[in-house]
Structures are given as C-alpha cells and as structure tokens.
Amino acid sequence: MPCEAAAHFLILYGSQRGQAQSIAEEICQQAAEHGFTADISCLSKHDKYNLDSESRPVVFVVSTTGDGDPPDTALKFVRKIKNKSLPHDHLSHLRYALLGLGDTNYANFCNGGKTIDSYLQKLGAKHFYATGHADDGTGLEVVVDPWIEGLWDALKKAFSTMSTSDQQTLSDCTQDSNHQNASDQKKNLEVDLQLLKLSEVDSPKGKTVTSDSIATEIGSTSSVASLKESVPPLSESVLNVPALPPSYLEILLVGTENVEETVLPDKDGYFEVPISKAVQLTQDDAVKTAILLELDISQQEQVYQPGDAFDILCPNRDSEVEELLLKLDLQMQKNCTVQVNLLKNTSKKAAKVPLHIPQNGSLQFILTWCLEIRSTPKKAFLRALVDFTQNASEKRRLLELCSKQGSADYNSFVRDSSVCVLDLLRAFPSCCPPLSLLFEHLPKLQPRAYSAASSSLQHPGKVHLVFNVVEFPARPEHPARKGLCTGWLVDHVSSILEPHGTALASERPGTSALPKVHVRARPSSTFHLPSDPCVPVVMVGPGTGVAPFIGFLQQREKEREANQEATFGEMWLFFGCRHKDKDFLFREELEKFVHNGTLSHLIVCFSRDEPDAAETVNRPTYVQHNLILHAKNLAKILLEDKGCLYVCGDAKNMAKDVNDTLLEIIGNELQLDKLDAMKIVAGLREDKRYLQDIWS
C-alpha cells in the first residue's frame, strides 16, 4: 500500500433529489475503513476541485433527470467538458471511476452519467474501474452495493500503478480512451450484468448455517415471510450488515417562547395563489378520480408555455405527523422550538446541517413541511434503527432487512411496498429512535410537479392542472392511504369541488375564501410545440397524460384564429381511458377541436368497455394498438414530413409499450431489423422530435 499521503482520492457527485449525494457520502464514509482518505464535493462547487490539474483518482456519482439529462447541479460541469475548443488530451492525466444512477422505466437510462463518462473519455481521461449503471426501477442497491465493494481493490491497484508510472494502464478494468461508442457500451453492459450476478449471491463472508451456530439467532414460527418476520434460510443465516452510519446532528427542543414565524422551505420562486376552480372530471364510479384545478396566477409573475409544469408545495398529512410524534413520545413537545447543530466530534465526513431544516421552527412545522416522512427508508436507516430497538426478534429482523442476505426481503417488504418510517415504527413497536436520527436520514420533502393543461392565450392569468387522486390499497405492510400531494389537494379543495359535468367556464364570486397553494413554474426545455407551425404533430396521451396536449391544442386554436391565412401542420391525438362514459377526459373540448379543424385526427380507445355485438374485428384496447392501425401515417409524419411525436403519461407500462410499438412500426415500414430501427428512434430523440413527459 502506498504512503498515507498518496491514498487520497476525490469524490464528485451530481444529484437532483439527493440519492447520488447520499451514495457519494457513503463511499466517503467507508473510505477510512479501507485505508483511504476521501474529499467530497458537489459538481456545482467549482471552487472545491480542479480536474485540469487533478492528480488523485476521482470517483463520480451522477444521477439522471428529465428526459435523460444530467442533474441541475452538474449542468455547468457538463457544459465545460463539452467545450469543443478543449484538446483531445486535455484530461489525459485523469484516472476516474463513475457510478451512474437511472431508472429503466424511463428512456435514456443513466444518460446523465453516460454523458459525463463519454466526454471524459473524449478528453483523454481513463477508467481505473469499470463504470456501473444502477437501476432505481429494480433497486439501486443491486448494483451500488457490489460496485462500492469492488471499488476499494480497484483504488489500491490504481494507487499502486500510479506510484510506478502515471502513463501505464491502471488495472484490468481500465478502458483505453480510444475505445468509444459501441465498445464502451458493450463493456458497461457486461459490467452491469456482472454486478447484478454478484449482488444475487452471498458475499465471501456470508453463508447459510444452522441456527445453533448463531449466538443471536431468534427462532421464527412463521412459514411465510413478512415485513415483521423471516423464514429459513434467511432466519438461519449469518448476516453481512452495513456499517453503523455515524450520528452527526444534535437536536435541542427549547420551549415554545422562542418559536419564530416559520416560512415554507424553498419559498424562493414560489407564489401563494388561490385555487379559483376545482372540477371532478370523472364519474363517481370511475376506477380513478381525476380532478382539474384552476389556479389564479394573474397577480404573480408566473409565465408559462403549454408543455411546462408547475411545482406544488404540499405538506405531510396531519394524522401521520401526529402519529409519528406519538411513536416518538414527543406529542407534548410539538410546539417547541427546534435548534439543529452539528454533533461535536462526529466522524461523518463533510457533515453539515441539512439546509432544508430551518432553525427555530416548531417541531410540528418541520415534520409537516420539511421532511419526507413517506420516503422509503434506505438500508443505512434500518441499520441505525437497530440500536434503538429493544426487542431481540425485532432487532434481528431489522438487521436481516438491511443485510446483503436480506436484499430480496428488503425489496419485497420495504422498497416495493412503499414502506415509510411510520410503518416501521408500527411493525417494530420496541423501536424508539431519537429525533436526531430522523433528521439525519429523512430526505427533504420535495415539491410535486404537474403539467399545465391550458394555454395562457386561452386562459390569461390562469393555469389548469389535472391529476388522478392516487390510492394505495391496504396491504400487510401499511394501511390504505392516498398519494401525499393528490390526497392533500383533493381534501384542500373539498369546499369548492364541483361535480362531474360542471362547465369549466363557470365563475366563482370573490377570492378571499378560496383555498391557496404555493406554486412555481417549471419550464420545460424541449416539451413544447414546434417553433414552425407547419410541422405535423402526433400526441399520445392516455388518461391524465392528455393534460399538456389540451394546452397544445388551446394554443394552436388561438394561433389559427390570429393567423387565418397561415398554413398549419396536422395534429393527431391518440387518447385512451377505461370507459367512454366514465373517464373520457376533456371529451367535449376535444370534439370541439376536431369540429373547428384544430385537431386533425382524434383516435380513441376504451380498454374496459365491452365490444358491440355488431363489431367483427378486435377493438383496439390501448393507445399502442391504435398506433399500429395508423402505422403508415405515423411513419410518413415522422420519417418523410419531419414531424414530432410527443408522449405523456405512465412510464412503467404505457411509455415502454409505445416505444416498442414505434420500433416495430419503423422496422416494418422501412424493412429494418430491430437494431437499425433503434438507431432511427435514437435519431428522433437526438433531433428533439420524439419527446416524453412521463412519470412512474
């Protein structure tokens, strides 16, 4: 091992919602255990690092946001390394490893990390460890944990090689900077598969043993695993558990007399606006309840285009905050002033007080507006809870859930079940963590984004938002509950909510008693109508995915009225829902657009309606089936007329099916194999002519 001074490396992270930062901090924390010293910085802190002269190995942890974009904190860095004036050997001295985070439910998987990886390679930088691509769709830890485990040996080899010659290949994992594009992608895919296999087997330290060989083994009488209980072989296994994360916050509750008037976190850029209208768009017996809100933004500087979204600040539910206070035995101190300080002598590297926790706010305010108490606890949080759990069997189960051997149970009973800290405290009643532990591990309560379903040309001073009220059915791990923001909004507007069938044009007198929300415009960089109105447009938006396209059509209708002599491209809309008479959103408005020529083609399908007895052919069930029926038109619009395809809605199923259908259509129409069809689709994305606004 080289001298201690040489065993320094640098960690740089680009994070949108905190996951990449959390993983980077975990790597930094583990470094000391493996004989290294790590410095850590966000990619946005340009004064904290200088890659132009960096001699240490660098580890990047980078997430992906939007339509495959790097996170906001990495945008300036990406622009810098994309500079075409930089020589091809500008970073030839740099040795690095990169862990990309993404979600295969979305297009451009891990593209934020892949973009940085590609441009570093183009500038001559070389890997000392193979790139990892972690999938939040199946569980980041499946790749993250073994990638970190292998990082330490790779760093040792890198330091050893660098001490001999900075010019030679660092290790067997190093990829030559001249091997780009296809070869790099193939290697990264092979690495991802290897990491996946590694995560599915016991580590060298873990093995299945009999219960009498484990001093701490707690017997289980259950034959079916659950959140609370395990079954063999897990219940009889020696466990490899993560290191106990170091505490770093000190929380003081100092009475109620010093409570300051608290303001909502991240209030900069947000405006409090009245909700001037709320209408139920679906029948009462529809499977899902869709609500339209009209926000009055006439007094605020909220400029938007169709295709943009609006962030809404929402609180945690009062009943859940009260129950959490009860579980923590703090219900009598909920109005106390909270002071948050760094714990003296903490061993946490680069520890700091979270910016989203205000000083001198009340405990109830912080739990209501600042911390995401519905977030799924990470394994490090579970490990920390163990030390504050009294019952031996509950301790054992928490250790299992955070262990390598218990990864399947963690995914099944925690991650996939959307378990939160309150569910854990219900399931493990002897667990009573200190408030500081929650402040350390619960992430910031994030705003929720909703697409604008209107055009300011049609509704000046107003914006319409549409959402389904999300329902989570009861399951063994947690009770039935509504989505955090949608459940709050539907309760918030209950006093003004109009029933299905109410005309959207009706007005309410006065605004003083109207419910209000804090909102902020969230402009899209690409999801807008083409700048050239002659370009034909195809829109695919089932269910509430139709929302931005209502804005598109309202905008186009006004443009046509103002420019009656101009030529406009065709507009196609593929819409789908369950029942024609129950949840056909915006039916009257869409039919009006067809009647006046704004919408050239309205293609609909209803997945749950029974076919008519007179029908002799199979009725299309989903939007992708209608796309196939209009394959020649779609291919002509995209390939010959250089039109644009927009897709909005569910990422996990619909968007994937539409993408697969598009590949099939292009392959059939052009007589191409799948690989060549994929290249065509990739070109459409690159040209910003295949755009998605999707969510999971």
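Strand E22 (residues 644–650) pairs with E23 in the parallel sense over six bridges; strands here are DSSP runs of E, at least two residues long, and helices are runs of H or I of at least four, both numbered from the N terminus. Two strands count as paired if DSSP finds at least two bridges between them. Valine 647 has glutamine 692 in E23 as its bridge partner.

The model is predicted: local features need pLDDT of at least 70 and side-chain atom pairs count only at pLDDT 80 or more, whereas totals for chains, interfaces and linings use all residues. Residues are numbered from 1 along each chain as its sequence is written, and side-chain values use heavy atoms, with hydrogens and water left out.

E22 and E23 belong to an open sheet of five strands, ordered E21-E20-E19-E22-E23, with parallel pairing. Strands E21 (601–606) and E23 (690–695) are at the edges; each has a single partner strand, so one side of each lacks a neighbour in the sheet.

The chain contains 19 helices and 23 strands. Of its 696 residues, 50% are buried, where buried means under 20% relative accessible area, exposed over 50%, and partly exposed in between (1.4 Å probe, protein chains only).

| Residue | Relative accessibility |
|---|---|
| Cysteine 110 | 0% |
| Cysteine 485 | 2% |

The disulfide count is zero, a disulfide being a pair of cysteine sulfur atoms within 2.5 Å. For cysteine 485, which is in no disulfide, the nearest cysteine sulfur belongs to cysteine 314, 4.0 Å away.
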